[in-house]
Amino acid sequence: MNLKRNFLLVLAVIAALPLFRCVAAAGEQYVGHCDVVFEGDSTLHDFTGNITNVPLTVICETNNAGEALLNTRIEIGPRQLTTHHAKRDANMYKMFQADLFPRLIAFVTNAPLAAANLSPSSNSTSPGTLPVQLTFCGITKDVQARTVNQLPLPEGWEFQLETDISLKDFKLKPPSALLGAISVRDLVRVKAHVKLQREPP
């Protein structure tokens, strides 16, 4: 009797495994765009730049523990960035070695939705966190970004993502003038306004 019951239990577990894997692996896809602004300081004056309407696709998957995880990848060309000042832009493209490294890449991999405070069931308006992996000029670094100004949408998310990037971490040498008397400071503030809508199944 016990042997028969155990055998039937094993069969039930085996039969359920493919279904469980399918549910765990199933992901919802969100599509939209982001507008990015970057701000820097120099010994002469501050500067700002931007890139607008960057296409964005985010996959939200659920792991075996029932946690919602975010995954995305963004690639942009250095020459898509602009400070709206021709000479400054030329120096920026030179710093990024745009001919040698034609892509700036940002990854988000298995980032918890709950930590980002983007869950529709969350009423919290406090900042969340989102780990982002950046690759500039062949160097990859992890940065911790903040999610702020979250606006709940019926079928998506709208929020601002903010982080500070150290140029030295990526061995980037910003241009200087007057024998170094005028130079760009190391930290650059990056702010991205993100809006995403869930694609129908």
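**A predicted protein model in questions and answers**

The protein has two helices and 10 strands (DSSP runs, H or I of at least four residues for helices, E of at least two for strands, numbered from the N terminus). This is a predicted model, where local features need pLDDT of at least 70, side-chain atom pairs need pLDDT 80 or more, and totals for chains, interfaces and linings use all residues. Residues are numbered from 1 along each chain as its sequence is written, and side-chain values use heavy atoms, without hydrogens or water.

Reader: Is S166 buried or exposed?

Author: S166 is found in strand β7, residues 156-166. Buried means under 20% relative accessible area, exposed over 50%, partly exposed in between, with a 1.4 Å probe and protein chains only. The relative accessible area of S166 is 12%, so S166 is buried.

Reader: Which side chain does the side chain of S166 join in a polar contact?

Author: Contact means heavy atoms within 4.5 Å. Beyond its neighbours within four places in sequence, S166 is in contact with D186 and L187. A polar contact is a pair of N or O atoms within 3.5 Å; within protein, one must be able to donate a hydrogen and the other to accept it, and residues adjacent in sequence count only if both atoms are side-chain atoms. At 2.7 Å, the side chain of S166 has such a contact with that of D186.

Reader: Over how many bridges do β5 and β6 pair?

Author: Two strands pair if DSSP finds at least two bridges between them. T135 stands opposite T140 in β6. β5 and β6 (residues 139-153) run antiparallel, and their bridges number nine.
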